[in-house]
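Open the structure in your viewer and keep the selection tool at hand.

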Amino acid sequence: MKEIFDGIYSDGKNIYTKNLVLGKKVYGEKIVREGGEEFREWDPYRSKYGAGIKKGLKKSIFFNGCTAIYLGSAEGTTVSHVSDIVEEKGAIFCIDVSEIAMNKLTKLAEERENIYPILSDAQMTENYKEYFETKADAMFQDISQRNQADIFVRNSKFLKKGGLGALALKTKSISQSNLKEDILKSEINILEKEFEILQTILIEPYEKHHYLILMRKK
Ligand SMILES: C[S@@+](CC[C@H](N)C(=O)[O-])C[C@H]1O[C@@H](n2cnc3c(N)ncnc32)[C@H](O)[C@@H]1O
């Protein structure tokens, strides 16, 4: 097992994070034990951030002890790996509008104390601003809405200057007919108000019609 980014490992084929809750799986993933340690396989077909890593992400936004905002957490598949990475000293504030997803995430948060579920629309930043009196180190978003870039920019006030962000952009949610390259360009225009774009990655074949955009808050 080789550490390729802080808290993210590779055996040359698959990627893994070190399991924070020994013996417990989250979504049926494989567990590999090596050198007295336990690693959870990170399925890039189930996680757009995982897909980005597989497709050559050059810098990971999460690190041990990091405070992260996760917009569109769903029931916590990717969040569970972020929880492994940030470990006990870190925190992940997870915002999702779905009550069903949040109920499942709340169960996961009972086992993983660094997860903080927040039931809210990510466009209604007033609802959860009190969590970010101290700004976050990193921000990730995976929300398939027409105004994805706008939601990301709207939440950027909670991210500290120089903090890293990543957006999983679903082009089909923006337009069914326009070219994905053109959609990417126009979304980048919106993001550039607040961010310097560091990398864009097409994450196919893991996710169709999706890019991962890596950026830094200006
Ligand atoms: C594709 S899923 C996220 C999967 C998750 N990121 C993962 O990798 O495990 C998208 C999520 O965005 C949520 N969502 C959609 N619109 C939203 C909004 N306006 N505010 C917050 N969450 C939203 C949905 O409820 C859904 O759970």
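A polar contact is a pair of N or O atoms within 3.5 Å. Select V97: one of its backbone N or O atoms lies 3.3 Å from a nitrogen atom of the ligand. The protein covers 82% of the 600 Å² of accessible area that the ligand has on its own (Shrake-Rupley method, 1.4 Å probe).

This is a predicted model, in which local features need pLDDT of at least 70, side-chain atom pairs count only at pLDDT 80 or more, and totals for chains, interfaces and linings use all residues. Residues are numbered from 1 along each chain as its sequence is written, and side-chain values use heavy atoms, with hydrogens and water left out.

Next, select the residues around the ligand. There are 18 of them, and the closest are Y70, T78, D96, A122 and D142 (a heavy atom within 4 Å). On Y70, a polar side-chain atom is 2.7 Å from a ligand nitrogen atom. On T78, a polar side-chain atom is 2.5 Å from a ligand oxygen atom.

Now select F140. Among the residues F140 touches are Y49, I61, F62, Y70 and L212 (heavy atoms within 4.5 Å, leaving out residues up to four places away in sequence). F140 also belongs, with Y49, I61, F62 and I92, to the residues with the most contacts inside the largest nonpolar core, which has 36 residues. Such a core is a set of buried Ala, Val, Leu, Ile, Met, Phe, Trp, Tyr and Cys residues joined through side-chain atoms within 4.5 Å; buried means under 20% relative accessible area with a 1.4 Å probe, protein chains only.

Notes
Buried < 20%, exposed > 50% of the residue type's maximum accessible area, 1.4 Å probe, protein only. Polar contact = N/O pair within 3.5 Å; in protein donor to acceptor, adjacent residues only side chain to side chain.
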